[in-house]
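Visitor: Hi, could you walk me through this one? I'd like to ask things as they come up.

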Amino acid sequence: MTEVLLIQPSYGSWENMGARLPHAMLSIASMPVKKGYKVILIDQRVDKDWKQKLITHCKKNPVCVALSTTTGMMIDNCFELAEIIREHTDAPIVWGGPHPTLFPDQTIKHPLVDMVMIGEGEFTFMKLVEKLEKGESIDDIPGLLYKKKENGEVKIIKNREREIIKDFETIPDLPYELVDFKKYYGLNFDSAKPSITMITSRGCPYTCGFCAIPVLYKRSWKALRPEMVIERLKYMEDKYGIKDFYFQEDNFAFDLKRVKGISEAIIKEKMDITWGTLGIRADTICRIDDDLLEKMYKSGARQLDVGVESGSQRVLNIIGGAKKVVDMQNANKKISKYPISMKYTFIAGYPTETMDELKQSVDLAMSMLKENKHAYAPFFVACPYPGTSLFNIALQQGLKVPKDLKGWASFDQTIPTKENIPWMDKKQFDVCKMLALTSYFTSKNMSVKYGKAHMRILLGVYHHFAKFRFKNMFQHAFVEGKVAEKMFYS
Ligand code: B12
Ligand code: SF4
């Protein structure tokens, strides 16, 4: 049978910290694998021989080759891959993921793109594979853009729009056999226990101004029922010995009945696991009663990530998403009784934020860290990613928008650049960048979490200095910022 080739491109600097499972690729592979297709997944991030493998499989003339990308430097990595693919096969190169979904018409125009798939790929990619293999017309696949040759001319065809998938359980379990678990991490980079990311829900109904999720998933939310989550957890534990799970989703706890069901079932099944999640809101934590909190802890909850964003209610109101400072404080107080690692993320430099308001964020972070010894509070510089209302604000403020797909490759805020944040003056920008680095080391929990032994010692010493800088917003002679950029991003 002809192969289906999926390539997970590198993210760039993020790999310095390790790689998580390639969820997009595993997810779109799930149906073809179930139907018996020979699916090959090459992960540029973790596979040293990726290039040789890519050439070998391209030479076998696959049905198509799939690439996935967010906005930013990943696009350049896709170009590198697509050039190799072009050289060795005529198979169509299909692009998907957040960036092509936000800019389908612009993406398809690039010569290294043959097809663009908008939005969730599971069902539509399956259809595409089947039709391409049978040589059938692909003009009834919703959400697909493709190039068609007619009378020697290349035309761009845009099929009808597609709908959001309604039932999450209709997507088969991921074909984990396509990857080598040892190359990935979940909750902690150096966890003694085998640890992996898992996704049990998708989407979020809120509308925070910096977040693309409401646009990508049209404010929808869907999830696996607790029974299904447990079935999948048990499978992972039994088959692969995984003991540590990180639910990498946007709003894991949107339905508290579901969280209760999952926690109770883990306890009932006597599963010896720990878990954490990326998606839990502070107001949700405030709604959790003591009984459920106890059950969550007993079932293994050990890391919760909460988006605090700002210590100023005025700024929170501008961000949107119905967040309240008081909820952050109450949630922290409630959870501090448990040895659960809390990651509180803040955004520095949102439009109209004053230095005083930024200081309110610093003070809130410090008070939360003081109250909860299991917390850490990383700051990020506000970045106007496309698909967000923050992006529209940036446009009004004169943000220069890339004109084509190549241009978007340099729109990467892993290291924030002043040009992409037009509302900020230089002084505020420098302070925000300083906070973004020092916040990581202000809490000892964070400085000991990552890195090898010698790095930990070094970071342990730096912690005191970082805390001083952070607390006092002291940006003067910030040489370590330059060192960090060189170490991690060059
Ligand atoms: C985990 C995560 C990370 C992790 C790991 C990423 C990973 N996947 O391993 C880390 C920490 C590295 C990370 C970093 C960043 N991230 Co991030 N991340 C996420 C998060 C929360 C989950 C990603 C995931 O696993 N999704 C699950 C999979 C199944 O969904 P998916 O990738 O969208 O794929 C589906 C469809 O898009 C489609 N599809 C995808 N690819 C393809 C390909 C083909 C051929 C087809 C047919 C379909 C298809 O089908 C899939 C199944 O339905 C998402 C939010 C989200 N819910 O997706 C943000 C998100 C992707 N990140 C985002 C951002 C902004 C960043 C950073 C820039 C943050 C920063 N300031 O540094 C960096 C950039 C990294 C980079 N170079 O790309 C934005 C991207 C917005 C955009 N315009 O691109 C998102 C959407 C978050 C948001 N709230 O807006 N991120
Ligand atoms: S609650 Fe989280 S996922 Fe939902 S819109 Fe806000 S930031 Fe995005």
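**A chat about the model**

Guide: Tyr 344 is found in strand S14 (residues 341-348); helices (H or I, at least four residues) and strands (E, at least two) are DSSP runs, numbered from the N terminus. This is a predicted model, where local features need pLDDT of at least 70, side-chain atom pairs count only at pLDDT 80 or more, and totals for chains, interfaces and linings use all residues. Residues are numbered from 1 along each chain as its sequence is written, while chains are lettered from A and ligands numbered from 1 in the order in which they are written.

Visitor: Is Tyr 344 buried or exposed?

Guide: Tyr 344 counts as buried because it has 26 C-beta neighbours inside 10 Å. A residue is buried if 20 or more other C-beta atoms lie within 10 Å of its own, exposed if 12 or fewer, and partly exposed in between, with C-beta atoms placed from the backbone.

Visitor: Which residues does Tyr 344 touch?

Guide: Leaving out residues up to four places away in sequence, Tyr 344 touches Val 306, Val 308, Ala 365, Met 368, Ala 375 and Ala 377. Contact here means C-beta atoms, placed from the backbone, within 7 Å.

Visitor: And which residues of H14 are buried?

Guide: In H14 (residues 355-371), the buried ones are Leu 358, Ser 361, Val 362, Leu 364, Ala 365, Met 368 and Leu 369. They cover an arc of only 160° around the axis, which puts them on the same side of H14; the arc is that of the directions from the helix axis to the C-beta atoms.

Visitor: What does the face turned away from that side carry?

Guide: That face of H14 carries the exposed residues Asp 356, Asp 363 and Lys 370.

Visitor: Changing topic: what is the strand order in the open sheet of seven strands?

Guide: The order is S2-S1-S3-S4-S5-S6-S7, with mixed pairing. Two strands pair if DSSP finds at least two bridges between them.

Visitor: Which strands stand at the edges?

Guide: Those are S2 (38-43) and S7 (153-158), each with a single partner strand, so one side of each is left without a neighbour in the sheet.

Visitor: How do S5 and S6 run?

Guide: S5 (residues 115-117) and S6 (residues 144-150) run antiparallel, joined by three bridges. Val 116 has Leu 145 as its bridge partner in S6.

Visitor: Last one: what covers the buried residues of H1?

Guide: The cover includes strand S1 (3-8), S2, strand S3 (65-68) and helix H6 (122-134). Among the buried residues of H1 are Met 25, Leu 26 and Ile 28. Just after H1, Gly 36 takes a positive phi of about 95°.

How values were computed
The expected span of a helix is 1.5 Å times one less than its number of residues. Two residues are in contact if their C-beta atoms, placed from the backbone, lie within 7 Å.
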